[in-house]
Amino acid sequence: MIPRALNFEGPEPLLYLIATPIGNLSEMTPRALQVLQQTDFIAAEDTRNSGQLMAHFGIDKPFISCHEHNEEEASARIVSLLKDGKKVCFMSDAGYPCLSDPGQRLVARCLEAGIKVSVTSGPSAAINALACSGLPSEHFHFEGFLPAKPTEREARLRELDPYPETLVFYESPHRIFKTLLSMAAILGGDRKAVIARELTKTHEEFIRGTLGELALIDESTLRGEMVVLVEGGKKSQREMTDNEIALALKDQLEWGKTSKEAIKAVCESSGLPKNRVYEIYIATFKRD
Ligand code: SAM
């Protein structure tokens, strides 16, 4: 049987992840502050950075350094403290831990050791950007940072090319220009895209256009922190087998669509040319 336990009941220790502001300090939640006031230790990606944040809110607790390069060792120490009955919180530099930030290995080690995990909610650059992008948000793919090496970055973009969901990337100002150029070349200059810059800060800005247009923006004006969102790709012919197309048509017909309406709907949702869908319709549904 799968073991179950409510997070806030029972004797098991619990690690709190704390989501922190991504620019605007007023977005530190009262709940996060309450949990931090009651904790014994604050584990942090950058103890100096989090020290300043905590000083701003008048919180003075011992820090444990837990970053990308020592996460395994730090996790062992944090697990041991939690098992000894100490309260420990973990925060990254900004936004949610574990989202393009350390924390995932710490969470895994805690769960393996029977320690529960909870999070105090807060802002995340990806979600803020997606909500205001105007791009389809029902489904999205969070990519985070692309690889730094150009060949690896371009290979990854080629893999992402057919993804139909809105793509969400993190990027740094010194690489944004090259990234936009690669995106326009590989994903297509006509795809809609948005740069969400300096979210929650004084100079917050959304730049909306096509990838081709965004790649022509003066590089020197793209400063600060930014998220890049790109419209998903239309499913291409090579992705859908004849059988999948036939099933998509059958689905439409079963909803009471006429043959013409069914073919139109499948063409629109898949991006496939009408003649291919029509041929499969004839071959599948008009055999006699
Ligand atoms: N954990 C964070 C989160 O939940 O959003 C992300 C951390 S990641 C190391 C930092 C990247 O997030 C930045 O390079 C940028 O792409 C994005 N980012 C963080 N704060 C931002 C902001 N205020 N405006 C736009 N993008 C931001």
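**Close-up views of a predicted model**

View 1. V194 stands opposite L229 in β10. The model shown here and in the other views is predicted. Strand β8, residues 192-197, and strand β10, residues 226-230, run antiparallel and are joined by five bridges.

**View 2. The open sheet that holds β8 and β10.** Five strands make up this open sheet, in the order β6-β7-β10-β8-β9, and their pairing is mixed. At the edges are β6 (140-145) and β9 (205-210), each of which pairs on one side only. From one strand to the next, the twist averages 15 degrees.

View 3. Helix α6, made of residues 150-160, lies across β6 and β7 (166-171). The direction of α6 is at about 175 degrees to β6. Helix α7, made of residues 176-187, lies across β7, β8 and β10. Against β10, helix α7 runs at about 5 degrees.

**View 4. The parallel open sheet.** A further open sheet has five strands in the order β3-β2-β4-β1-β5, with parallel pairing. Its edges are β3 (63-65) and β5 (116-120); each has a single partner strand, so one side of each has no neighbour in the sheet. On average, neighbouring strands here are turned by 25 degrees against each other, direction ignored.

**View 5. The pairing of β2 with β3.** Strand β2, residues 41-44, pairs with β3 in the parallel sense over three bridges. Within this pair of strands, A44 stands opposite S65 in β3.

**View 6. The packing of α10 and α11.** Two packed helices are described by the angle between their axes and the distance between the axes. Helix α10 (residues 259-270) packs against helix α11 (residues 274-285) at an angle of about 130 degrees, and their axes are 9 Å apart. This angle makes α10 oblique to α11. The crossing of the two helices is right-handed.

**View 7. Residues between α10 and α11.** On the α10 side, S259, I263, V266 and C267 take part in the contact. They meet K274, V277, Y278 and Y281 in α11. Sorted by class, the residues of this contact are six nonpolar, one polar and one charged.

**View 8. Domains of the chain.** The domain assignment divides the protein chain into domain 1 (14-119), domain 2 (140-230) and domain 3 (242-285). Taken over C-alpha atoms, the centres of domain 2 and domain 3 are separated by 34 Å.

Terms used. Residues numbered from 1 in each chain as written. Predicted model: local features only at pLDDT ≥ 70, side-chain atom pairs only at ≥ 80, totals over all residues. Heavy atoms only, no water. Pairing = 2+ DSSP bridges. Helix = DSSP H or I, 4+ residues; strand = E, 2+ residues; numbered from the N terminus. Axes fitted to C-alpha atoms, helices over the stretch in contact; angles between N-to-C directions. Contact = heavy atoms within 4.5 Å. Parallel < 35°, antiparallel > 145°, perpendicular 65-115°, else oblique. Left-handed = near helix turned anticlockwise from the far one by under 90°. Nonpolar A, V, L, I, M, F, W, Y, C, P; charged D, E, K, R; others polar. Domains from an automatic or database assignment.
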